[in-house]
Amino acid sequence: MTIETAALERDLASCLLLDESILERLRLDPAELSDPPSRDIIEAALTLREIGERVDRVSVKLWLEDHGRKYVDPRVDDTLWTPKANQMLHDRLQLRRVRIELQRALVCCESGSVDATRERVAAIAVARENIGDDSSRPLGALALAAADAALNPDESTRLHLGLGGLQNALGGMGVGDMCIVGADTGIGKSSLALSMAMGMERRQRVGIISCEDPEGIWGARGLAAMTGVSSLRMLTGMSAKNSDDQAALNAFKAAPQNPAVDVDFKVGRPLSDVLAGMRRRAAGGARLIIVDYLQAILSETPSAPRKDQIREIAARIKGQAQTLGVGLVALSQLSRPEKGKPKREPSKYDLKECGDLENMAEIILLMWAGNTDTEINLKVEKSKWGCRQRLHNLRRNGSGTLVEVDHSHDEPPGFESSRGRVMQ
């Protein structure tokens, strides 16, 4: 074989890779070629054409490697392929092998052969393990990126918690993070969630998934937050007899407010409906989704132990939040204390029916009644940044809405603050 012949054959192979329509006019048997790399390329191209696969450099290289041959680019020496390009080609080849093994496993399964199916499943696992994923990064490069992020913060990656005290203590929450708010019935979990939503909506849209309270309750809560009229008086009809309430409500009707908060009602609905509601709220622009509350969601595995049901519910709504790229605030009840024992300050281990909630959440907030009827204690029981604080800065105002007050509490032994006093 002369150098000119090899060059001509490689020109032909190169043209095939650039324009596969040449294959339709090609009447040459690959065996007639004298240059081995060109012969392999043309044979691979003809085979791919016959089985309906696309003919290009990647598909030809994968086919040759799959058949134990080496690909040599007809125009560029093989050594010019970068390690990253070789890894990508290798991974595509392994993905193709996984697909083939899956098809074979399906055939074995339909045939009823248990042993053959197990063998194919094992082959699938091996093929998947061979798919490389070099996710390592030099620590110096990571530190440099962190410095850039600190000097030029991206507001889209951090979500404001809506309350100044929590924001100062935690610095917000990350996209995909899960914040659990735990409290006994009647303490004010939903009121706190509404306060967070009303405080955040000036920055980013909020979606609320109500699994317990109907439209009238949420309407009264929202109206109370916007007018200062007691939601209890509205719901009991007493506002119609109070002149101050009438004036405030008529003023609101004359100039209604429209905060960027949407409430989706899933009362008595299964988990799948809650997940669909989260998806709709995210599609509508919500960056934070509040689920009220975990124990009110109907499990899709009712025969399973209740603890396992709550674990599945929490895991799936957190996975949905991470998929949608939103923050998640999930409300949860606390376990009731044993009869005869005095009430005490709650801990993360009191989250009702599922200790796994503590592991899933990046942030855990706990609420309990204070010394007066209007006082609510709040503490950060867990934060992935290591900040544990006891915050004493919530009270119920005249409308029944939870609001912050401008003071903080001395932290008990065992609690550490990374930022000093909460309210500046």
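Predicted model: local features only at pLDDT ≥ 70, side-chain atom pairs only at ≥ 80, totals over all residues.
Local features need pLDDT of at least 70 and side-chain atom pairs pLDDT 80 or more, while totals for chains, interfaces and linings use all residues. Residues are numbered from 1 along each chain as its sequence is written, and side-chain values use heavy atoms, with hydrogens and water left out.

User: How many helices and strands does the protein chain have?
Analyst: Helices (H or I, at least four residues) and strands (E, at least two) are DSSP runs, numbered from the N terminus. By that assignment, the protein chain has 15 helices and eleven strands.

User: What percentage of the residues in the protein chain is buried?
Analyst: Buried means under 20% relative accessible area, exposed over 50%, partly exposed in between (1.4 Å probe, protein chains only). The chain has 424 residues. The buried share is 44%.

User: Of contacts between residues at least 6 apart in sequence, what percentage joins residues at least 24 apart?
Analyst: Contact means heavy atoms within 4.5 Å. Within the protein chain, the share joining residues at least 24 apart is 61%.

User: What is the distance between the end C-alpha atoms of α14?
Analyst: The expected span of a helix is 1.5 Å times one less than its number of residues. Helix α14 has 19 residues, 306-324, and should span 27 Å. The end-to-end distance agrees, at 27 Å.

User: What arc holds the buried residues of α14?
Analyst: The buried residues of α14 are Gln-309, Ile-310, Ile-313, Ala-314, Ile-317, Lys-318, Gln-320 and Ala-321. They line one face of the helix, because seen down the axis of α14 they fall within an arc of 155°. The arc is that of the directions from the helix axis to the C-beta atoms. The value for α14 is 155°.

User: Which elements do the buried residues of α14 pack against?
Analyst: Both strands and helices take part. The partners are β3 (178-183), α13 (271-283), β6 (286-292), β7 (327-333) and α15 (356-360).

User: Which residue just after α14 takes a positive phi?
Analyst: The phi angle there is about 70°. The residue is Gly-325.

User: Where do the buried residues of α12 lie around its axis?
Analyst: In α12, Asp-245, Leu-249 and Phe-252 are buried. They cover an arc of only 55° around the axis, which puts them on the same side of α12. The face turned away carries the exposed residues Ser-243, Asp-244 and Ala-254.

User: Which residue caps the N-terminal end of α12?
Analyst: A polar contact is a pair of N or O atoms within 3.5 Å; within protein, one must be able to donate a hydrogen and the other to accept it, and residues adjacent in sequence count only if both atoms are side-chain atoms. Here a side-chain oxygen lies 2.9 Å from the backbone nitrogen of Asp-244. The capping residue is Asn-242.

User: Which backbone nitrogen does the side chain of Gln-295 reach?
Analyst: Gln-295 is found in the loop between β6 and α14. Gln-295 is buried, with a relative accessible area of 10%. Its side chain makes a polar contact of 3.2 Å with that of Ser-332. At 3.1 Å, the side chain of Gln-295 also reaches the backbone nitrogen of Gln-333.

User: Over which ring does the charged end of Arg-221 sit?
Analyst: A charge sits over a ring if NZ of Lys or CZ of Arg is within 6 Å of the ring centre and within 35 degrees of the ring normal. The charged end of Arg-221 is 4.7 Å from the ring centre. The ring is that of Trp-218.
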